[in-house]
Amino acid sequence: MTGIVNTTDQDFKADVLESDVPVLVDFWAGWCAPCKAIAPVLEDLANEYDGKLKIVKVDVTSCEDTAVQYNIRNIPALLIFKDGQAVAQQVGAQPRSKLAAFIDQNI
């Protein structure tokens, strides 16, 4: 079980942009109820996609530079990165089936 990586502005490049597997980045905040609602789903998906996808969380309150760089206006915002590039984005809490479909379409 690998779980989810919590990154910072300083580690974003290494954790996400230089990853050798696709990365789902969850832009979230502790005060965001929908963010908390999808957290257990993301944990579950991290285990299901282990080896095929890495899930990284970015707390927008402590990683403002990264949130601004990717124009994050609403959270939760989920971005999928491949080869250092954002290739897909989804905003808002979604049921597990929709999140899995979003991942499958983009990795």
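User: Hi! What is the relative accessible area of glutamate 48?
Analyst: Glutamate 48 has a relative accessible area of 41%, so it counts as partly exposed. Keep in mind that this is a predicted model.

User: Which side chain meets glutamate 48 in a salt bridge?
Analyst: That would be arginine 96, with an N to O distance of 2.2 Å. The pair links distant parts of the chain, since glutamate 48 sits in helix H2 and arginine 96 in helix H4, 48 residues apart.

User: And what else does arginine 96 form a salt bridge with?
Analyst: Aspartate 44 is also a partner of arginine 96, and the closest N and O atoms of that pair are 2.8 Å apart. Aspartate 44 belongs to helix H2 and arginine 96 to helix H4, so this bridge ties together parts that are 52 residues apart in sequence.

User: What about the accessibility of aspartate 44?
Analyst: Aspartate 44 is partly exposed, because its relative accessible area is 37%. Arginine 96 also counts as partly exposed, at 31%.

User: How many salt bridges does the structure hold?
Analyst: There are 4. One of them joins aspartate 26 and lysine 57, whose closest N and O atoms are 2.8 Å apart. Here too the pair links distant parts of the chain: aspartate 26 is in strand S2 and lysine 57 in strand S3, 31 residues apart.

User: Is aspartate 26 buried or exposed?
Analyst: Buried, because its relative accessible area is 0%. Lysine 57 counts as buried as well, at 11% relative accessibility.

User: Back to H2. Why does its span agree with its length?
Analyst: H2 covers residues 33–48, which is 16 residues, so at 1.5 Å a residue it should span 22 Å; its end C-alpha atoms are 24 Å apart, which agrees.

User: Where does the kink in H2 lie?
Analyst: The kink is at alanine 39, shortly before proline 40, and is about 35 degrees.

User: Which residues of H2 are buried?
Analyst: They are Cys35, Ile38, Val41, Leu42, Leu45 and Ala46. What covers them includes strands S2 (23–28), S3 (54–59) and S4 (77–82), along with helix H4 (96–106).

User: Tell me about cysteine 35. What does it touch?
Analyst: Not counting residues up to four places away in sequence, cysteine 35 touches Trp28, Ala29, Ile75 and Pro76. It counts as buried because its relative accessibility is 1%.

User: New topic: which side chain of opposite charge is nearest to aspartate 15?
Analyst: Lysine 54, at 4.7 Å. Aspartate 15 is buried yet has no salt bridge. It is found in helix H1 (residues 12–17).

User: What does the side chain of aspartate 15 make a polar contact with?
Analyst: With the side chain of threonine 7, at 2.7 Å. Leaving aside neighbours within four places in sequence, aspartate 15 is in contact with Val5, Thr7, Val23, Lys54 and Val56.

User: Last one: where is aspartate 59 found?
Analyst: Aspartate 59 is in strand S3. It is buried yet has no salt bridge, and the nearest side chain of opposite charge, lysine 57, is 9.2 Å away. A polar contact of 2.5 Å joins its side chain to that of threonine 61. Not counting residues up to four places away in sequence, aspartate 59 touches Trp28 and Ala29.

Definitions and conventions
Residues numbered from 1 in each chain as written. Predicted model: local features only at pLDDT ≥ 70, side-chain atom pairs only at ≥ 80, totals over all residues. Heavy atoms only, no water. Helix = DSSP H or I, 4+ residues; strand = E, 2+ residues; numbered from the N terminus. Expected span 1.5 Å × (residues − 1). Bend = angle between axes of the 7 residues up to and from the residue. Buried < 20%, exposed > 50% of the residue type's maximum accessible area, 1.4 Å probe, protein only. Contact = heavy atoms within 4.5 Å. Lys, Arg positive; Asp, Glu negative; His and termini not counted. Polar contact = N/O pair within 3.5 Å; in protein donor to acceptor, adjacent residues only side chain to side chain.
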